[in-house]
Amino acid sequence: MLVPSGLGGFYAGSTKNNTEKKWVIAVVGSDVLLFSDDGANPRLAISSDEADVLRFFCERRLCLGQWHGGDCEVWDLLPEATACEGFVRSELRSLLAHSNDAEFSLASRATQLLDWQRKHQFCGQCGSPNKISATEHSLICDNCNLNHYPRISPCVIVAVTLGDKCLLARHANWPEGRLSTLAGFIEAGESAEQALHREVFEEVGVEIDNIRYIGSQAWPYPGQLMLGYIAEAKSETINVDGIEIAEADWFRYDNLPSILAPPTIMAGRLIKQFIDEAVELYG
Ligand SMILES: [Zn+2]
């Protein structure tokens, strides 16, 4: 099967191609098991031969799509699987720092589909048990014919800029010194742009303009889709809401807080883009 090169080897189809080579993503709870046969470079995608030892601990299996041309399944494992030789348990967050976009998408999909299935065992309309569809990633209620699809929650995240400065804020439940871009869920009926205007105004009292889309990232905590933007502030005065946001301030591109999100996550990517553009203009 041909896969567009921009997908990095991961194709999120719902059907199996019955390929000879098969891949397994091993999941324990909300973590993944990485495998290394020589103690170095633990891998996320495990061949079905390598995964065979885990079969005894496997409670559920689901097709995730294709990985580098082979069918790929997620296995939901009992915690005892962690003791198998060569396997190391890893949180998704730490995987993010060491993997590329395609690998992180694959891991996100694996944990999200399991989590979604676990939480949707019964039909929300009539209460009958749901069944797994054989043709697509959905759960079906035979009693009332309702299809249930994995829930994805879109969020907007934005670096608000003012000339050579960027607005960074601290959430009320974050420790002192941790500042980042603003973010929030898109409400029912809202466009992404409307959500941006609303969130920024609610959280810091600033109106924005010239919204630019930068990119998106699946964020499996759980099922979020982060849509990343850069926008310009219309004015400098900040009024923090004092509920969600404890403090917020403007920071020049060459005088940013020392602790910032890494560019592997959307907040860090937006901040990096702001810095790159500011260096070009003001450096
Ligand atoms: Zn039903």
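Hi everyone! Two notes before we start. Residues are numbered from 1 along each chain as its sequence is written. Because the model is predicted, local features need pLDDT of at least 70 and side-chain atom pairs count only at pLDDT 80 or more, while totals for chains, interfaces and linings use all residues.

Let's begin with the whole chain. It has five helices and 16 strands; these are DSSP runs numbered from the N terminus, H or I with at least four residues for helices and E with at least two for strands. The C-alpha atoms fill a box of roughly 60 × 50 × 40 Å along the principal axes. Of the 283 residues, 33% are buried. Buried means 20 or more other C-beta atoms within 10 Å of a residue's own, exposed means 12 or fewer, and partly exposed lies in between, with C-beta atoms placed from the backbone.

Next, the domains. The assignment, which is automatic or from a database, gives domain 1 (5-119) and domain 2 (153-282). Their centres, taken over C-alpha atoms, are 32 Å apart. Where they touch, domain 1 provides nine residues and domain 2 provides seven; a contact here is two C-beta atoms, placed from the backbone, within 7 Å. On the domain 1 side, α2 (92-98) and α3 (101-119) are the elements giving two or more residues, and α3 gives the most, with six.

Now look at helix α4, residues 192-204. Its 13 residues reach 18 Å from first C-alpha to last, close to the 18 Å expected, where the expected span is 1.5 Å times one less than the number of residues. Which residues of α4 are buried? They are Ala-195, Leu-196, Glu-199, Val-200, Glu-203 and Val-204. These sit on the same side of α4, because they cover an arc of only 120° around the axis; the arc is that of the directions from the helix axis to the C-beta atoms. They pack against strands including β11 (153-162), β12 (165-171) and β14 (208-219).

Helix α5, residues 266-282, has 17 residues and should span 24 Å, so the 24 Å between its end C-alpha atoms agrees. Among its buried residues are Met-266, Leu-270 and Phe-274, and the buried residues of α5 pack against β11, β12, β14 and β15.

That takes us to the cores. A nonpolar core is a set of buried Ala, Val, Leu, Ile, Met, Phe, Trp, Tyr and Cys residues joined through C-beta atoms within 7 Å. The largest one has 35 residues, and Leu-167 is one of those with the most contacts inside it. Both α4 and α5 are among the elements that each supply at least two residues of this core. Setting aside residues up to four places away in sequence, Leu-167 touches Val-204 and Trp-250, among others. A second, separate core of 31 residues includes Val-32, Ala-51, Leu-62 and Leu-106.

Last stop: Leu-146, in the loop between β9 (139-140) and β10 (147-148). Why does Leu-146 count as partly exposed? Because it has 16 C-beta neighbours inside 10 Å. Beyond its neighbours within four places in sequence, Leu-146 contacts Cys-123, Gln-125 and Cys-141. From Leu-146 to Tyr-282 is 56 Å, C-alpha to C-alpha.
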